[in-house]
Amino acid sequence: MSDALINGLAGAGGGIIAQLITYPLQTVNTRQQTERDPKKERRKIGTLEQMYQVVKQEGWERLYGGLAPSLVGTAASQTEALNHIVG
């Protein structure tokens with residue numbers, strides 16, 4: 001196997017693993033930013049508590065909703081970035 005292919009696969013793999021770990025946090029962060037309503041008085045909850053509520057009310061799959069297109073983009077960009085750095 002060529003070095004470029006190995007580096008490309010390593011970049012794609014690393015990007016996918018990072019995305020799998022951080023995607024639930026991005027999902028919760030987006031919800032926290034979009035659920036702000038100044039007219040409603042609500043107790044502010046933390047990230048972990050909101051993750052727990054999402055899992056409890058909607059299931060694990062909601063934390064990873066929309067992950068597939070993001071993985072494709074991440075794999076492509078990480079492969080290209082690593083090839084530029086190494087190559």
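A residue counts as buried under 20% relative accessible area, as exposed over 50%, and as partly exposed in between. Keep that scale handy for the exercises below, which work through a predicted model.

**Exercise 1. Describe the fold of the chain, then work out how α1 and α2 are oriented.**

Solution. 
- Step 1: The chain has three helices and zero strands, and its pattern along the sequence is α-α-α.
- Step 2: Take helix α1, residues 3–34, and helix α2, residues 47–58. Their axes come within 10 Å and cross at roughly 95 degrees.
- Step 3: Angles of 65 to 115 degrees count as roughly perpendicular, so α1 is roughly perpendicular to α2.
- Step 4: Now look at who meets whom. On the α1 side are Pro24, Leu25, Val28, Arg31 and Gln32; on the α2 side are Thr47, Gln50, Met51, Val54 and Glu58.

**Exercise 2. Find the salt bridges: how many are there in the whole structure, and which residues do they join into one network?**

Solution. 
- Step 1: Side chains of opposite charge can pair when their charged atoms come close.
- Step 2: A search of the whole structure gives two salt bridges.
- Step 3: One joins the side chains of Arg31 and Glu58, at 2.9 Å from N to O. Arg31 belongs to helix α1 and Glu58 to helix α2, so this pair ties together parts 27 residues apart in sequence.
- Step 4: Another joins Arg62 and Glu58, at 3.3 Å from N to O.
- Step 5: Through shared partners, the salt bridges link Arg31, Glu58 and Arg62 into one network.
- Step 6: Arg31 is buried at 17% relative accessible area, while Arg62 is partly exposed at 39%.

**Exercise 3. Look for nonpolar side chains on the surface: which residues form a patch?**

Solution. 
- Step 1: The patch consists of Met1, Leu5, Ile6 and Leu9, with about 440 Å² of accessible area together.
- Step 2: Pick out Leu5, which lies in helix α1 and is partly exposed at 43% relative accessibility.
- Step 3: Of its 87 residues, 24% count as buried.

Conventions
Residues numbered from 1 in each chain as written. Predicted model: local features only at pLDDT ≥ 70, side-chain atom pairs only at ≥ 80, totals over all residues. Heavy atoms only, no water. Patch = residues over 30% accessible without salt bridge, like charges linked within 9 Å, V, L, I, M, F, W, Y side chains within 5 Å. Areas by Shrake-Rupley, 256 points an atom, 1.4 Å probe, with all protein chains shown as cover. Salt bridge = Lys/Arg side-chain N within 4 Å of Asp/Glu carboxyl O. Helix = DSSP H or I, 4+ residues; strand = E, 2+ residues; numbered from the N terminus. Buried < 20%, exposed > 50% of the residue type's maximum accessible area, 1.4 Å probe, protein only. Axes fitted to C-alpha atoms, helices over the stretch in contact; angles between N-to-C directions. Parallel < 35°, antiparallel > 145°, perpendicular 65-115°, else oblique. Contact = heavy atoms within 4.5 Å.
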